[in-house]
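Here is a short report on the inside of one protein model.

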Amino acid sequence: MKIILYYILIITISLYSIQSFQNQYTEIELINADSLVGLNLNDISTREFFGNVKFKDLKTNLIAKSGIYYTNTNIADFTGDVKVEDDSVIIYANRIVYERQSRISKAYDRVLMIGKFNNVKLIADTVLNYPNQNYSIAFSNSILFKIDTTKTIDSSDYDKIIFNFDTLSISADTMESFRQLNNEYYEFSKNVEIYRNNFSSRSDLVIYKKDTIILKDNPIVWYENTQLIADSIIISLINNKLQKLEGFNNAIIITEHDSTDKERYNQISGNKIIINFDTNSKIFNILSVGNSKSIYYLADEKGNNGLDRKSTDSINIQFRDNEIEKIYWLGTTVGEFIPENIVFDNPSSYNLPQFKIENNKPKKKLLKHKNLQ
């Protein structure tokens with residue numbers, strides 16, 4: 001996950017390639033145009049290029065169906081299947097506008113950016129780059145994809161190598177990058193969804209900086225059959241893998257007691273909840289700190305067998321092989337057992353105050369664009 005967010009920097013910096021084709025007007029070489037028209041209307045001088053337009057400078061190729069260059073404003077406007085390519089990125093759009101003096105570049109209409117060395121792809125309706133402000137923004141139908149390839153050895157045939165493709169997607173109404181010296185960070189706002197295999201999240205604001213992703217404004221995180229809700233959630237990463245989830249204020253973690261029973265959910269709430277992961281991205285510890293409460297449904301071979309409810313200062317749960325191994329209630333603890341014959345009539349009445357099941361889990365996004373094979 002870190003890698004995909006990190007490469008936003010690479011992609012947005014690569015927007016400079018849009019502008020690089022015109023760093024110096026005399027350096028641009030017109031490779032092809034079916035027709036060229038020069039006009040001077042109301043003291044506005046233009047050069048219009050039509051049909052299979054192709055420009056080239058030292059590092060960048062630009063291809064489009066047509067283009068206009070306004071010599072008095074130094075603005076270039078290319079339209080129709082525009083393609084810009086340099087040694088690190090390929091950019092497709094139906095329109096690209098470059099303002100030479102301000103160095104501002106704008107790409108419109110089903111923009112696709114493909115990183116050549118990082119398996120990163122960005123789709124958006126509009127991408128704007130403001131290099132003097134070290135700022136870039138993509139908005140409207142914006143989705144960022146990172147495709148990772150992992151290689152494993154087949155345990156049944158050690159001569160057989162298995163390749164697995166793992167795609168991370170981040171979608172948002174708006175994606176922004178802020179690039180300052182020693183202070184680079186990225187913001188995703190409104191309807192932000194992160195999806196990768198058994199991990200997903202939803203919120204209205206995501207801030208990424210280094211190895212930390214901060215979710216705010218109604219954040220929810222799902223991991224397998226576990227749901228974490230809090231006022232804010234911090235995701236910590238190591239080597240592109242989950243290391244830790246932290247929920248702050250009004251935090252609650254909810255897990256299914258039985259996938260066929262939609263009324264019984266095991267729950268832990270606290271001022272702060274921490275979920276720690278091992279190197280295989282499996283949960284090995286859950287810690288609730290401050291004003292901790294728990295609800296745990298019991299069962300035996302005969303079926304459901306009541307409810308265990310406790311209040312304490314902190315709760316520490318240890319896992320082994322994805323199963324609970326030990327539970328520690330730390331501090332002054334008050335507990336009670338509620339028999340099944342009482343729980344049976346209305347299990348949901350025992351839910352903790354913060355309890356809320358969210359069923360709008362993000363779904364896998366498909367990478368679709370006419371310029372992708």
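Is tyrosine 223 buried or exposed? Tyrosine 223 counts as buried, because its relative accessibility is 4% and the cut-off for buried is under 20%. The model is a predicted one.

**Aromatic pairs**

A search of the whole structure finds six aromatic pairs. Two of them are set out below.

| Ring pair | Distance between centres | Angle between planes | Type |
|---|---|---|---|
| Tyrosine 135 and phenylalanine 178 | 5.2 Å | 50 degrees | tilted |
| Tyrosine 223 and phenylalanine 277 | 5.0 Å | 75 degrees | edge-to-face |

Why is the pair of tyrosine 223 and phenylalanine 277 edge-to-face? Its planes stand at 75 degrees, and angles over 60 count as edge-to-face. Tyrosine 223 lies in strand 14, and phenylalanine 277 lies in strand 18 (residues 265–277). The pair therefore ties together parts that are 54 residues apart in sequence. Phenylalanine 277 counts as buried, with a relative accessibility of 6%.

The pair of tyrosine 135 and phenylalanine 178 also links distant parts of the chain. Tyrosine 135 is in strand 9 (residues 135–154), and phenylalanine 178 is in strand 10 (residues 157–180). They are 43 residues apart. Tyrosine 135 has a relative accessibility of 18%, so it counts as buried. Both residues belong to a cluster: ring pairs link Tyr130, Tyr135, Phe178 and Tyr185.

The charged end of lysine 310 sits over the ring of tryptophan 329, 4.3 Å from the ring's centre.

**The second largest cavity**

There are two cavities of 30 Å³ or more in the structure. Which residues line the second largest cavity? They are Val221, Trp222, Tyr223, Thr226, Gln227, Leu228, Leu245, Ile275 and Ile283. Strand 14 (220–223) and strand 15 (226–229) each supply at least two residues of this lining. Seven of the lining residues are nonpolar, two are polar and none is charged.

**The largest pocket**

The largest pocket holds about 600 Å³ of space. It is lined by 26 residues. Thr255, Asn266, Tyr296, Phe319 and Ile324 are the closest to its centre. Two or more lining residues come from each of strand 17 (241–256), strand 18, strand 19 (283–300), strand 20 (303–320) and strand 21 (323–330). Strand 19 gives the largest share, seven residues. By type, the lining has 14 nonpolar, eight polar and four charged residues.

Where is lysine 121 found? It lies in strand 8 (residues 120–130). Lysine 121 is buried, because its relative accessible area is 14% and under 20% means buried. Beyond its neighbours within four places in sequence, lysine 121 is in contact with Leu112, Met113, Ile114, Ile143, Leu144, Phe145, Ile147, Leu367 and Leu372.

Aspartate 321 sits in the loop between strand 20 and strand 21. Its relative accessible area is 69%; over 50% means exposed, so aspartate 321 is exposed. Aspartate 321 and phenylalanine 284 are 37 residues apart in sequence. In space, their C-alpha atoms are 8.3 Å apart.

Methods:
Residues numbered from 1 in each chain as written. Predicted model: local features only at pLDDT ≥ 70, side-chain atom pairs only at ≥ 80, totals over all residues. Heavy atoms only, no water. 1 Å grid on protein atoms, 1.4 Å probe; cavity = no way out; pocket = protein on both sides within 12 Å on 5 of 7 lines; lining within 4 Å. Points joined across faces, edges and corners; volume = space filled by probe spheres on them. Helix = DSSP H or I, 4+ residues; strand = E, 2+ residues; numbered from the N terminus. Nonpolar A, V, L, I, M, F, W, Y, C, P; charged D, E, K, R; others polar. Buried < 20%, exposed > 50% of the residue type's maximum accessible area, 1.4 Å probe, protein only. Contact = heavy atoms within 4.5 Å. Phe/Tyr/Trp six-rings, centres within 6.5 Å; stacked < 30°, edge-to-face > 60°. Lys NZ or Arg CZ within 6 Å of the ring centre and 35° of its normal.
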